[in-house]
Amino acid sequence: MSSVAVIDYGMGNLHSVAKALEHVKPGEQVLVSSDKAVIESADRVILPGVGAIRDCMGELTRLGLDQVVHQVAASGKPLLGICVGVQLLMEFSEENGGHDCLGIFPGKAHFFGDHLQDEGGEKLKVPHMGWNEVKQTVDHPLWQGIEQNSRFYFVHSYHIQAQQPEQVAGRCHYGLDFDVALFRDNVFAVQFHPEKSHSAGLQLLKNFLHWNGQPA
């Protein structure tokens, strides 16, 4: 039986993620845990997250789980970041006055702004909340079985901007074009919530639970 660890640092919708994983692969051992040994021994690891980046980084660091994420990323073991999880994997976030993050992906998380507008000049709400199309920019195993421009569910006020375009796996438009999926070796991370994105999101989670950590 394979296992997947969902990192519990008090900042994620862990119940929904765990239930979605159990649904897409019955029999999978889903371990919601803050125990370093449990996380490191799992076959795959998920870094979820909701809330402010300052609190998320603070709790990860306090629990010593920041180093665990680095170790998993370097191990070749499949690692999936979700929502704030992808922002945590960046070098820096503008949120809460600016905070250093884990630095696994070069780039930053930027505020959408107070004057975001659509093509017609209408003011857009921030946070960006609801369904939006995602354009896949690479052929990656986690996109298998997911149609181009499928819709995923978002809730965020900050968007990621990768420093290296070749690490971008998906993009979206909301007043501006921004990166919503990044990949590097055994790491894949998304801004949207796959556990709330119906068939497309569940397919991505299923793909992750069958992924060997190779980008192609």
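The dialogue below walks through several features of this predicted model, one at a time.

Reader: Let me begin with the cysteines: how many disulfides does a search of the whole structure find?

Author: A disulfide calls for two cysteine sulfur atoms within 2.5 Å, and a search of the whole structure finds 0 of them. C56 is in no disulfide, since the nearest cysteine sulfur, that of C83, is 8.9 Å away. For C172 the closest cysteine sulfur is also in C83, at 13 Å, which is too far for a bond.

Reader: Are C56 and C172 buried or exposed?

Author: Buried means under 20% relative accessible area, so C56, at 0%, counts as buried, and C172, at 4%, counts as buried too.

Reader: Which residues of α1 and α6 meet?

Author: On the side of α1 they are A20, L21, H23 and V24, and on the side of α6 they are L202, L205, K206 and L209.

Reader: How should I read a salt bridge, and how many does the structure hold?

Author: The general idea is that side chains of opposite charge can pair when their charged atoms come close. The structure holds 6 salt bridges, and one of them joins E22 with K19, with the closest N and O atoms 3.9 Å apart. These two residues are 3 residues apart in helix α1, which means that about one helical turn separates them. E22 is partly exposed at 35% relative accessible area, and K19 is partly exposed at 46%.

Reader: What separates N from O in the salt bridge of K25 and E28, and in that of R184 and D185?

Author: For the side chains of K25 and E28, the N to O distance is 3.2 Å, and E28 counts as buried at 8% relative accessibility. For the side chains of R184 and D185, the N to O distance is 3.7 Å; R184 is partly exposed at 25%, as is D185 at 47%.

Reader: Where is D185, and what is its phi?

Author: D185 is in the loop between β13 and β14, and its phi is near 55°, a positive value in a residue other than glycine. N149 also has a positive phi, about 65°, although it is not a glycine. N149 lies in the loop between β9 (135-136) and β10 (151-156) and counts as partly exposed at 36%.

Reader: Is N186 buried or exposed, and which residues is it in contact with?

Author: N186, placed in the loop between β13 (177-184) and β14 (187-190), is buried, with a relative accessible area of 4%. Leaving aside neighbours within four places in sequence, N186 is in contact with V72, A73, G76, K77, P78, L79, W211 and G213. N186 and Q214 illustrate how sequence and space can be read side by side, being 28 residues apart in sequence and 5.9 Å apart in space, C-alpha to C-alpha.

Reader: Finally, where is the cis peptide bond that involves P127?

Author: A cis peptide bond is read from its omega angle, and the bond joining V126 and P127 is cis, with omega about 15°. P127 itself is placed in the loop between β7 (107-111) and β8 (128-133).

Terms used
Residues numbered from 1 in each chain as written. Predicted model: local features only at pLDDT ≥ 70, side-chain atom pairs only at ≥ 80, totals over all residues. Heavy atoms only, no water. Buried < 20%, exposed > 50% of the residue type's maximum accessible area, 1.4 Å probe, protein only. Contact = heavy atoms within 4.5 Å. Helix = DSSP H or I, 4+ residues; strand = E, 2+ residues; numbered from the N terminus. Salt bridge = Lys/Arg side-chain N within 4 Å of Asp/Glu carboxyl O.
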